[in-house]
Amino acid sequence: MPSTSLAVERLRAELKGEATPPGDPESDRARTVSPGTIDRRPAVIARPRDAAEVSRVVLTARDTGVPLAVRGGGHGIHCVCDDGIVLDLAALRGLDIDVAGRTAWAEAGLTAGEYTAAVGEHGLATGFGDTGSVGIGGITLGGGVGYLARKHGLTIDALLAAEIVTADGELLRVDERSHPDLFWAIRGGGGNFGVVTRFQYRLEPVGAVVGGMLMLPATPELIAGFVAAADAAPDELSTIANVMPAPPMPFVPEELQGQLIIMGLLCYAGDDTEAAERAIAPFRALATPIVDMVRPIRYPEMYPPEEGEEEYHPTVAGRSLFVDTVGIEQAETIIERLRTSDAPMRVAQLRVLGGAVARVPADETAFAHRASRIMVNVAAFFTSPEDQAVREAWVDEFAGALRQSDQGIYVNFLGDEGEAGVRAAFPGATWDRLAAVKRRYDPTNLFRLNQNIPPA
Ligand SMILES: Cc1cc2nc3c(=O)[nH]c(=O)nc-3n(C[C@H](O)[C@H](O)[C@H](O)COP(=O)(O)OP(=O)(O)OC[C@H]3O[C@@H](n4cnc5c(N)ncnc54)[C@H](O)[C@@H]3O)c2cc1C
């Protein structure tokens, strides 16, 4: 029988960092996560201040049998649990930048935006995703697909080493030479193997970029044209195309608000503005842009300040998949499906991969989808449980209509989709290898509140 009161008592006694019970205002902050669908009430939130305290929290969970969730930036669906311990990494905020050596050790409580702003001061960057408030912990452990992906690869491709507290409370340094099996597993395998306290990343010289938003009308020809241009672009250019109703924003002409548009997000990672203009020209040539905010900026400006972010908790039904092609036929499906829904917000997001992502062999890390060509995320907001059922059915159908031969899924965009979903994230030999590493480092599945890989 798990002994919750014993765990709470022990954490209060052993932590200099906080161990807050329910009802405390700080505890309310820490149990609130980005997805508005999650409303869980942990027995205690432990906020360790260093790796030794992380180890104490892990051992308390192990010894008392109380469930343990690990919280980084709070954008996932598993980082808070009912009646258990939440290990909140928010107090681990150290960042040690070696400018000359082009590396940085970052503690796991930082967000992608905080890290990017700090290293950006030196004209350096590591690629994360499209949203600054996402935690470096969750995004790194799942892979990390963002604005530098085609030029510099996934976030895990920049990961040089990590420090991790395993299920027996030990703090290990892992890299290519030390515990290479564990280092392989944490590059894509998620939070299954321990609590990472620090990550060491390679820094790339990415100071100025040409980037921002390019809004185009959405027709099948333009969607297919956008994807073809993204595919043909040099590796410097990574893109995201959100096909969606135009939001009611001041810079969108009123008559277009609510009409389907392509909200393109482009980032050319290089300071040769002429080359950047050449790379971006094919997108601008597709149609007269509705809005064109693509311009020379500093890379951290790709993460604009997110006002009200803390209070923003959308309730969203979403599905993610990989496809090989988005031609006219698929683009017609996208337009048709988006038109059939009246969800207040609905989107098909297309990210053309390739470039540096695809140059890493599929078995070199636990991210097994190197050959996947285009990542598609379809999503619809909902407002009530009845509405949720309608929107879930819609995203299911939408994803089904787009699915081609690639059966994989990116773990960081996987919802609560059962074992089949986790298996699709870690197909074939990747699954077997991960399960073997899990058996070695977490044989009792202490770290199970995640996209779980049970020990072999
Ligand atoms: C608005 C939004 C935009 C996004 N955009 C992108 C994108 O562009 N590219 C992309 O790749 N992904 C993107 N994601 C997905 C994102 O990468 C995942 O949701 C990620 O898991 C969030 O990490 P987190 O630390 O913020 O969340 P959390 O919920 O705190 O963490 C997620 C899980 O990771 C594990 N974990 C986190 N930190 C640690 C740690 N230090 N040690 C051990 N385990 C840990 C835990 O199992 C936890 O349940 C986006 C998500 C959202 C909500």
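**Close-up views of cavities, a pocket and helix packing**

Strand 11 gives the most to the lining of the largest cavity, with three residues. The model is a predicted one, in which local features need pLDDT of at least 70 and side-chain atom pairs count only at pLDDT 80 or more, while totals for chains, interfaces and linings use all residues. Residues are numbered from 1 along each chain as its sequence is written, and side-chain values use heavy atoms, with hydrogens and water left out.

View A. The structure holds two cavities of 30 Å³ or more, a cavity being a set of points, on a 1 Å grid over the protein atoms alone, where a 1.4 Å probe fits but cannot get out. About 80 Å³ of space lies in the largest cavity, where a volume is the space filled by probe spheres set on the points, and grid points are joined across faces, edges and corners. Of the 13 residues that line the largest cavity, Gly146, Ala149, Ser238, Thr239 and Val352 lie nearest its centre, with lining residues having an atom within 4 Å of a point. At least two lining residues come from each of helix 6 (149-152), strand 11 (237-245) and strand 16 (346-352); helices (H or I, at least four residues) and strands (E, at least two) are DSSP runs numbered from the N terminus. The lining divides by class into eight nonpolar, three polar and two charged residues, where Ala, Val, Leu, Ile, Met, Phe, Trp, Tyr, Cys and Pro count as nonpolar, Asp, Glu, Lys and Arg as charged, and the others, Gly among them, as polar.

**View B. The second largest pocket.** The second largest pocket holds about 440 Å³ of space, and among its 21 lining residues the closest to its centre are Arg29, Arg71, Gly73, Ser133 and Glu310. A pocket is an open set with protein on both sides within 12 Å along at least five of seven lines. Three nonpolar, 10 polar and eight charged residues make up this lining.

**View C. Helix 8 against helix 10.** The axes of helix 8 (residues 220-232) and helix 10 (residues 328-340) come within 8 Å and cross at roughly 125 degrees, axes being lines fitted to C-alpha atoms, for helices over the stretch in contact, with angles from 0 to 180 degrees between N-to-C directions. Helix 8 is therefore oblique to helix 10, since angles under 35 degrees count as roughly parallel, over 145 as roughly antiparallel, 65 to 115 as roughly perpendicular and the rest as oblique. Pro220, Glu221, Ile223 and Ala224 in helix 8 meet Ile328, Ala331, Glu332, Ile334 and Ile335 in helix 10, with contact meaning heavy atoms within 4.5 Å. Seven nonpolar, no polar and two charged residues form this contact.

**View D. Helix 10 against helix 12.** Helix 10 and helix 12 (residues 385-402) have axes that come within 10 Å and cross at roughly 170 degrees, which means that helix 10 is roughly antiparallel to helix 12. Helix 10 contributes Gln330, Thr333, Ile334, Arg337, Leu338 and Thr340 to the contact, and helix 12 contributes Trp394, Glu397, Phe398, Ala401 and Leu402. By class, these residues are six nonpolar, three polar and two charged.
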